[in-house]
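Reader: I have some questions about the wording used for this model. Please set each value against its cut-off.

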Amino acid sequence: MKKRNVALCVIFSIVTFGIYGLYWMAQINNCANELADPPKKTSGVVAVLLTIITCNIYGIYWAYKMGGMLDAALAKRSMPTQNRNVIYLILQVIGLGFVGWILMQSTINSMIPDAV
């Protein structure tokens with residue numbers, strides 16, 4: 001697991017017309033799974049496929065659940081939780097899910113120690 005440059009992720013997503021964005025979503029999911037270690041894990045590939053198959057209905061659910069999973073990971077590290085479930089949900093519903101991904105990636109980056 002490594003820190004990702006959020007600006008580069010956004011640029012790559014734009015340049016590849018969203019293809020990199022799907023990869024980024026899968027990586028966010030996998031990193032959150034690794035950081036929070038929930039009892040029931042959904043892999044990043046499955047999350048992306050379900051989002052595509054359900055025309056983003058699963059993506060809305062996924063965004064909401066990521067807020068809780070990232071809060072659990074923050075609490076596990078004795079860091080202040082952010083309670084962004086609803087923010088991620090609203091952003092996904094109004095078509096600005098990538099903004100939620102930016103916030104999620106920033107949260108993930110804050111939990112990954114700097115390489116020495």
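Author: The answers below concern a predicted model.

Reader: Why is T51 called buried?

Author: T51 sits in helix α3. Its relative accessibility is 10%. Buried means under 20%. T51 therefore counts as buried.

Reader: What is T51 in contact with, leaving aside its neighbours within four places in sequence?

Author: M25, N56, Y58 and G59.

Reader: How do you know that the buried residues of α3 line one face of the helix?

Author: The buried residues in α3 (residues 44–53) are G44, A47, V48 and T51. Seen down the helix axis, they fall within an arc of 95°, so they line one face. What covers them includes α2 (19–36) and α4 (57–76).

Reader: Which exposed residues does the face turned away from the buried side carry?

Author: V45 and I53. Just after α3, C55 takes a positive phi of about 55°.

Reader: Why are α2 and α6 called oblique to each other?

Author: Two packed helices are described by the angle between their axes and the distance between the axes. For α2 and α6 (residues 97–111), the axes come within 10 Å and cross at roughly 40°. Roughly parallel needs an angle under 35 degrees, and roughly perpendicular starts at 65. The pair is therefore oblique. The crossing is left-handed.

Reader: What makes the contact between them?

Author: From α2, G21, W24, M25, I28, C31, A32 and L35. From α6, W101, I102, M104, Q105, I108 and M111.

Reader: How many residues of each class does this contact have?

Author: Eleven are nonpolar, two are polar and none is charged. Gly counts as polar here.

Definitions and conventions
Residues numbered from 1 in each chain as written. Predicted model: local features only at pLDDT ≥ 70, side-chain atom pairs only at ≥ 80, totals over all residues. Heavy atoms only, no water. Buried < 20%, exposed > 50% of the residue type's maximum accessible area, 1.4 Å probe, protein only. Helix = DSSP H or I, 4+ residues; strand = E, 2+ residues; numbered from the N terminus. Arc of directions from axis to C-beta. Contact = heavy atoms within 4.5 Å. Axes fitted to C-alpha atoms, helices over the stretch in contact; angles between N-to-C directions. Parallel < 35°, antiparallel > 145°, perpendicular 65-115°, else oblique. Left-handed = near helix turned anticlockwise from the far one by under 90°.
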